[in-house]
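Hello,

Here is the structure I promised to pass on to you. Have a look at it first, and then read on for my notes.

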Amino acid sequence: MPENKAGTNDIFEAMHTCRAMRRLKPDPVPDELIAKILKAGQAAASGGNTQRWKFLVLKDPAKKKAVQTYYKKLFDEVVGPRYASSAPPPGSDPAKFKRQHSAVQYLTDHYHEAPVWIVACLEGENPNRTAGSSIYPAVQNMLLAARALGLGSTLTTRHTGYDKECDAAMGIPAGYKSYAILPIGYPMGNFGPLGRGPLSDVAYLDNWGTPFPAA
Ligand SMILES: Cc1cc2nc3c(=O)[nH]c(=O)nc-3n(C[C@H](O)[C@H](O)[C@H](O)COP(=O)(O)O)c2cc1C
């Protein structure tokens with residue numbers, strides 16, 4: 001098992017270096033670390049404290065491969081062409097955006113090879129913004145917990161483009177839906193600073209458009 005030199009207990013360091021880690025080693029991840037990540041997810045807020053979530057830990061190669069087939073299909077049909085015709089986002093540039101695209105392509109091809117997936121599911125038939133707001137706090141907690149433990153992951157939702165097929169392949173019963181898949185493994189690369197635009201472009205004080213005066 002690879003030695004973990006990348007963990008951190010500093011929450012701000014974790015948040016500011018919690019990159020989408022798309023290149024993962026196939027080495028196994030101990031269940032005790034996965035349990036820590038799951039407990040971090042379960043610690044999150046949910047509307048009315050309803051906790052209507054289930055976290056499916058998937059290691060089964062056949063189930064992961066079945067979902068990867070749809071994940072790749074959606075890359076070929078939608079995501080790849082969109083990347084090819086999009087401008088770099090704030091805090092990025094053409095070279096960085098090209099590297100992001102190639103990492104997205106890599107994860108697409110190797111999605112099922114991540115040793116562990118956590119599939120975040122929620123009870124209810126109607127995935128919408130209100131429902132999502134009761135599962136994505138848990139998802140973010142789990143991403144940060146993985147980062148703290150030196151494990152790489154990425155929030156992925158692309159499979160929802162074929163949600164019925166993918167949920168059936170993963171054995172998710174009627175009455176529940178998957179909202180995110182977190183492929184988890186030891187990262188091949190390093191954690192590091194994120195590319196984001198200036199805070200003044202997105203944080204306002206009192207009047208829309210008046211930048212919050214952050215140092
Ligand atoms: C709602 C949502 C869905 C996402 N789905 C995918 C996905 O299916 N595949 C993927 O590779 N990344 C996915 N991402 C990751 C984003 O592409 C990533 O957060 C963004 O590129 C910023 O990366 P960075 O934090 O490394 O700068 C998703 C992120 C969010 C918030």
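This is a predicted model: local features need pLDDT of at least 70, side-chain atom pairs count only at pLDDT 80 or more; totals for chains, interfaces and linings use all residues.

As for its place in the chain, Gly-150 sits in the loop that runs between α6 (136-148) and α7 (163-169). Val-116 is 34 residues away from Gly-150 in sequence, and their C-alpha atoms are 14 Å apart in space.

Next, the ligand. It is surrounded by 13 residues, and the closest are Arg-19, Ala-20, Thr-156, Thr-157 and Arg-158. Sorted by class, this shell holds five nonpolar, five polar and three charged residues.

Two backbone angles may also interest you. Gln-51, in the loop between α2 (31-42) and β1 (53-58), has a positive phi, near 50°, and is not a glycine. Gln-51 counts as partly exposed because 15 other C-beta atoms lie within 10 Å.

The other one is Asp-206, found in the segment after β3 (176-184). Its phi is positive too, at about 65°, although Asp-206 is not a glycine. Asp-206 counts as exposed because it has 6 C-beta neighbours inside 10 Å, and the cut-off for exposed is 12 or fewer.

Happy to hear your thoughts whenever you have time.

Best wishes

Key: Residues are numbered from 1 along each chain as its sequence is written. A residue is near a molecule or strand if its C-beta atom, placed from the backbone, lies within 6 Å of it. Ala, Val, Leu, Ile, Met, Phe, Trp, Tyr, Cys and Pro count as nonpolar, Asp, Glu, Lys and Arg as charged, and the others, Gly among them, as polar. Helices (H or I, at least four residues) and strands (E, at least two) are DSSP runs, numbered from the N terminus. A residue is buried if 20 or more other C-beta atoms lie within 10 Å of its own, exposed if 12 or fewer, and partly exposed in between; C-beta atoms are placed from the backbone.
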